[in-house]
Amino acid sequence: RFLVSERPGRLRVVSADGQVGPPVAGVPNVVARGQGGLLDVVLDAGFERNRTLYFCFAEPGPDGTNGTALARARLGDDDSRLEQVRVIFRQQPKVASQLHFGCRIVQGRDGLLFLAMGERYSRMDDAQRLDNHLGKVVRLTKEGAPAPGNPFVGRTGALPEIWSYGHRNPQGATLAPDGRLWIHEHG
């Protein structure tokens, strides 16, 4: 079986023989405009035991703004719904843009989570600043807290969850054979 994300905000279970199941219930409200939507889903390394998954999506904000968000949930035993859905990280600031969400998740060998985020197109200069999440890769615990050992923990004016910065729009992410994070991006 496969768990497939669909940009309009649906998750589906697809069997190995290609049978597409109905949408999984419990996905939060998703902004599916421009490049936004439900953009990535990964299973926790212990999924067979705990049925935990993580997904990132364009989350609506106030006054037409939006931002990349990372949620944690449990897939119900019958695969029909998400349970215990909780947004564990929200990109700040939320902006009025339909472009460059990034939204790629990787779980490291140590269990920590990487989330790659775009600079939202109109906020390119923010990708070079450490006081926001635009154009950043963050590294988080499974609960969404800044990971211990992140490079900017304790630095005045820097957000402690930032792992790397200066990105335009990361659109792919994976672990290299040596366990290091590799990303590729648009532009």
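**Notebook: a disulfide and its surroundings**

I began with C103, which counts as buried at 0% relative accessibility (buried is under 20% relative accessible area, exposed over 50%, partly exposed in between, with a 1.4 Å probe and protein chains only). I note that this is a predicted model, in which local features need pLDDT of at least 70 and side-chain atom pairs count only at pLDDT 80 or more, while totals for chains, interfaces and linings use all residues. Residues are numbered from 1 along each chain as its sequence is written, and side-chain values use heavy atoms, without hydrogens and water.

**Entry 1. The disulfide**

I then asked which residue is joined to C103. C56 is the partner, and the two sulfur atoms of this disulfide lie 2.3 Å apart (the cut-off is cysteine sulfur atoms within 2.5 Å). C56 belongs to strand β5 and C103 to the loop between β7 and β8 (104-107), so the bond ties together parts that are 47 residues apart in sequence. I checked C56 as well and found it buried, its relative accessible area being 0%. By this rule I count 1 disulfide.

**Entry 2. The whole protein**

I next recorded the secondary structure, which amounts to 1 helix and 13 strands (DSSP runs numbered from the N terminus: H or I of at least four residues for helices, E of at least two for strands). Along the sequence I read the pattern β-β-β-β-α-β-β-β-β-β-β-β-β-β. The radius of gyration is 16 Å, close to the 16 Å given by the globule rule for 187 residues, so the protein is as compact as a globular protein of that length (C-alpha atoms are used, and the rule is 2.2 Å times the number of residues to the power 0.38). Along the principal axes, the C-alpha atoms fill a box of roughly 50 × 40 × 30 Å. I noted that 48% of the 187 residues count as buried. Of the contacts between residues at least 6 apart in sequence, 50% join residues at least 24 apart (contact means heavy atoms within 4.5 Å).

**Entry 3. The sheet that holds β5**

I returned to β5 and followed its sheet, an open one of 4 strands in the order β4-β5-β6-β7, with antiparallel pairing (two strands pair if DSSP finds at least two bridges between them). β4 and β7 stand at the edges with a single partner strand each, so one side of each has no neighbour in the sheet. On one side of β5, 5 bridges join it to β4 in the antiparallel sense. I found β4 mostly covered, with 5 of its 6 residues buried. β5 also pairs with β6 (residues 66-75), antiparallel, over 9 bridges. In that pairing, T52 stands opposite R74 of β6.

**Entry 4. The nonpolar cores**

Which residues of the largest nonpolar core touch the most other members? Of its 17 residues, these are Y54, C56, L70, F89, I105, L115 and V138 (a core is a set of buried Ala, Val, Leu, Ile, Met, Phe, Trp, Tyr and Cys residues joined through side-chain atoms within 4.5 Å). At least two residues each come from β4 (38-43), β5 (52-60), β7 (82-90), β9 (113-116) and β10 (136-140). β5 gives the largest share, 3 residues. I also found a second, separate core of 16 residues, with V27, L38, L53 and L75 among them.

Finally, I looked up V138. Beyond its neighbours within four places in sequence, V138 is in contact with F89, L113, F114, L115, M117, H133, E161, I162 and W163.
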